[in-house]
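Let's take a walk through this structure together. Have the picture open, and we'll go from the whole chain down to one residue.

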Amino acid sequence: MKEVIVESLVGILILLGALLSALSSFGLIRLPDVYLRSHAATKSTTLGILSILTGAFLYFMLLDGHTSARLLLGIIFVFITAPVAGHLIGRAAYRTGVPLWSQSVQDDLRAIIEQEAQSKERGRNG
Amino acid sequence: MASQIILNLLIAFVWMFLKNTWNPATFIVGYLIGLLFLFMLRRFLKGDFYMRKVGAIINLVLLFLKELVLSNIAVIHEIIRPRLRIRPGIFTLKTELKSDWEVTMLACLITLTPGTLTLEVSPDNGTLYIHAMDIEDAEMLAKQIKGSFEKAIMEVSR
């Protein structure tokens with residue numbers, strides 16, 4: 001009885017993770033610009049990997065009796081680093097001038113960046 | 001907070017010395033007794049009783065997990081919709097958080113919330129520029145972020 005429950009739980013977790021990863025790759029193809037793609041890549045893949053690793057952890061712990069601390073550490077590392085990576089890619093893209101999608105409605109950052117560039121220019125000239 | 005934890009560990013060790021048994025069970029019993037002492041003597045200690053802060057941290061982690069699941073549902077809903085109906089944009093968010101650590105936490109949380117991505121933090125840590133997937137009402141989104149995350153982080157840090 002216990003085995004059936006554990007196996008179905010692990011199966012659901014791992015299938016869910018695979019499904020989320022697949023959907024996020026669809027998102028990478030479908031969405032129109034870097035920033036929106038970055039949304040799909042950071043969020044769905046993070047949760048996908050987390051649930052696959054959790055499934056593997058539960059499988060080894062409950063059926064093999066082997067507690068793998070490395071899987072837990074992997075979960076924590078992915079959880080901490082994925083949003084930072086998303087932020088850095090988005091920031092680098094914006095700084096190098098990758099345009100937003102044509103149907104974007106609001107852009108508060110453009111003015112700030114231009115101001116910064118102007119003051120830098122003035123500093124170089126003066 | 002750190003000094004209270006060290007004090008608690010010290011009480012647990014003293015308890016192990018008194019019992020003269022050296023196993024994890026005795027340590028845990030000693031730790032719980034130390035917790036009780038610290039709770040009774042909380043008036044004389046610097047800062048709040050530290051378990052309140054531990055509770056706030058657990059609260060923050062749970063919030064993190066909940067937002068991660070919600071944001072995935074939102075993003076996948078947008079992806080599998082037959083026609084794209086998103087209206088992306090960048091909006092500013094003024095924050096009251098001061099230290100680097102707090103702002104980093106807030107930026108990570110925002111990146112994992114439904115449809116928002118931190119693009120830039122201003123040099124004085126006061127303003128965050130956030131790319132939103134669906135910018136129906138930037139004001140409302142900002143208020144929501146401030147209401148839940150900023151408060152949860154403040155609970156931890158002060």
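Predicted model: local features only at pLDDT ≥ 70, side-chain atom pairs only at ≥ 80, totals over all residues.

How many helices and strands are there in chain A? There are four helices and one strand.

Now step back and check out the overall shape. If the 126 residues formed a compact globule, you'd expect a radius of gyration near 14 Å, but chain A comes out at 21 Å. You can see this from another angle too: along the principal axes, the C-alpha atoms of chain A fill a box of roughly 75 × 30 × 15 Å.

The chain exposes about 7,600 Å², and 67% of that comes from carbon and sulfur atoms. As for charges, chain A has 11 positive and 9 negative ones, and their mean positions sit 6 Å apart. Contacts tell their own story: take those in chain A between residues at least 6 apart in sequence, and 62% of them join residues at least 24 apart.

Let's finish by zooming in on chain B. Find Thr26(B), which is part of helix H2, residues 24-40 of that chain. Is Thr26(B) buried or exposed? Its relative accessible area is 9%, and buried means under 20%, so Thr26(B) counts as buried. Which residues does Thr26(B) touch, leaving aside those up to four places away in sequence? They are Trp15(B), Met16(B), Lys19(B) and Thr21(B).

Technical notes. Residues numbered from 1 in each chain as written. Chains lettered and ligands numbered in written order. Heavy atoms only, no water. Helix = DSSP H or I, 4+ residues; strand = E, 2+ residues; numbered from the N terminus. Rg over C-alpha atoms; globule rule 2.2 N^0.38 Å. Contact = heavy atoms within 4.5 Å. Areas by Shrake-Rupley, 256 points an atom, 1.4 Å probe, with all protein chains shown as cover. Lys, Arg positive; Asp, Glu negative; His and termini not counted. Charge placed at Lys NZ, Arg CZ, Asp CG, Glu CD. Buried < 20%, exposed > 50% of the residue type's maximum accessible area, 1.4 Å probe, protein only.
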